[in-house]
Amino acid sequence: MALYLSVVIPVYNEASILASAAAELCQGLDARGWDYEVIFAENGSRDATPELLAKLCAQNPRLRWFHSERPNYGAALKAGIIQARGTYVVCDEIDLCDLTFYDAALPRLERGDADMVVGSKAAKGASDHRPLVRRVATRVHNKLLKVMLDFRGTDTHGLKAFRREALLPVIARCVVDMDVFASEFVIRAWREGRKVMEIPIQLHEKRQPSIHLFRRVPNVLRNVGKLVYVIRIRGT
């Protein structure tokens with residue numbers, strides 16, 4: 001029998017906040033009475049994250065984790081989604097774990113209002129408390145997706161909830177990794193006729209990003225270019 005909910009969280013060098021964030025998330029999920037699992041997709045950590053995950057998962061059967069040698073957010077997230085067993089899946093971030101998003105998104109999925117709910121940092125009514133340079137980067141990235149791929153939403157990266165059965169075929173067709181996998185996932189879901197809904201979120205991160213923003217730019221541009229070629233030119 002399928003679980004009600006799988007939560008997939010990529011982690012990279014998160015030893016400083018991992019235990020407290022996991023405890024807070026599980027406490028909130030337990031309080032809601034849901035049958036759930038939390039999958040930590042650890043990728044390339046060089047701190048004590050793997051050892052801490054092994055300890056946490058040994059203590060709590062609702063937690064599990066896997067290791068990937070190379071830091072790759074997109075590949076880790078995709079692998080976690082494929083491993084998920086829940087009817088519904090939430091893609092979360094260890095520095096967010098905002099259960100108000102779960103409370104807003106899951107009823108929409110249950111009612112059939114949407115196949116995927118995206119928590120948007122840029123939609124009307126959202127509140128984004130990140131530094132200005134990161135807020136601007138989000139706007140620039142979304143503008144690039146609108147111009148190059150005719151994306152009509154306001155955000156693709158971050159919190160997402162979806163019906164696993166409806167979105168697994170979309171996952172199977174995704175071709176890019178790193179940060180742009182999240183964008184491809186949302187764009188393909190929309191282009192392939194899934195019901196994609198955005199809801200505004202209140203974004204308060206628990207720590208600074210684990211990878212410097214400007215180190216991401218070359219990979220982002222390369223993967224967006226690949227995505228444009230695959231979708232707009234090859235038509236796949």
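## Exercises on a predicted protein chain

Residues 24 or more positions apart make up 79% of the contacts in the protein chain with a separation of 6 or more, a contact being heavy atoms within 4.5 Å. The model is predicted: local features need pLDDT of at least 70, side-chain atom pairs count only at pLDDT 80 or more, and totals for chains, interfaces and linings use all residues. Residues are numbered from 1 along each chain as its sequence is written, and side-chain values use heavy atoms, with hydrogens and water left out.

**Exercise 1.** Determine whether the radius of gyration of the protein chain agrees with that of a compact globule.

*Solution.*
- Step one takes the rule, 2.2 Å times the number of residues to the power 0.38, with the radius taken over C-alpha atoms.
- For 236 residues, a compact globule would have a radius near 18 Å.
- The protein chain has 17 Å, which agrees.
- As for extent, the C-alpha trace spans about 50 × 40 × 35 Å along its principal axes.

**Exercise 2.** Describe the secondary structure of the protein chain and of residues 6–167.

*Solution.*
- The protein chain contains 8 helices and 9 strands; these are DSSP runs numbered from the N terminus, helices being H or I with at least four residues and strands E with at least two.
- UniProt, in an unreviewed entry, places "domain: Glycosyltransferase 2-like" at residues 6–167; such annotations may be inferred rather than shown by experiment.
- Over residues 6–167 the chain is 44% helix and 23% strand.
- The end C-alpha atoms of residues 6–167 lie 14 Å apart.

**Exercise 3.** Locate S45 and classify its accessibility.

*Solution.*
- S45 sits in the loop between β2 (36–43) and α2 (49–59).
- Its relative accessibility is 6%, so S45 counts as buried (buried is under 20% relative accessible area, exposed over 50%, partly exposed in between, with a 1.4 Å probe and protein chains only).
- With neighbours within four places in sequence set aside, S45 contacts V11, Y12, N13 and P50.
- P71 is 26 residues from S45 along the chain, and their C-alpha atoms are separated by 7.1 Å.

**Exercise 4.** Which loops hold D150 and M178, and is each buried or partly exposed?

*Solution.*
- D150 occupies the loop between α5 (132–149) and β7 (160–163).
- Its phi is near 60°, a positive value in a residue other than glycine.
- With a relative accessible area of 35%, D150 is partly exposed.
- M178 occupies the loop between α6 (164–173) and α7 (180–191).
- Phi of M178 is near 50°, also positive in a residue other than glycine.
- At 19% relative accessibility, M178 counts as buried.
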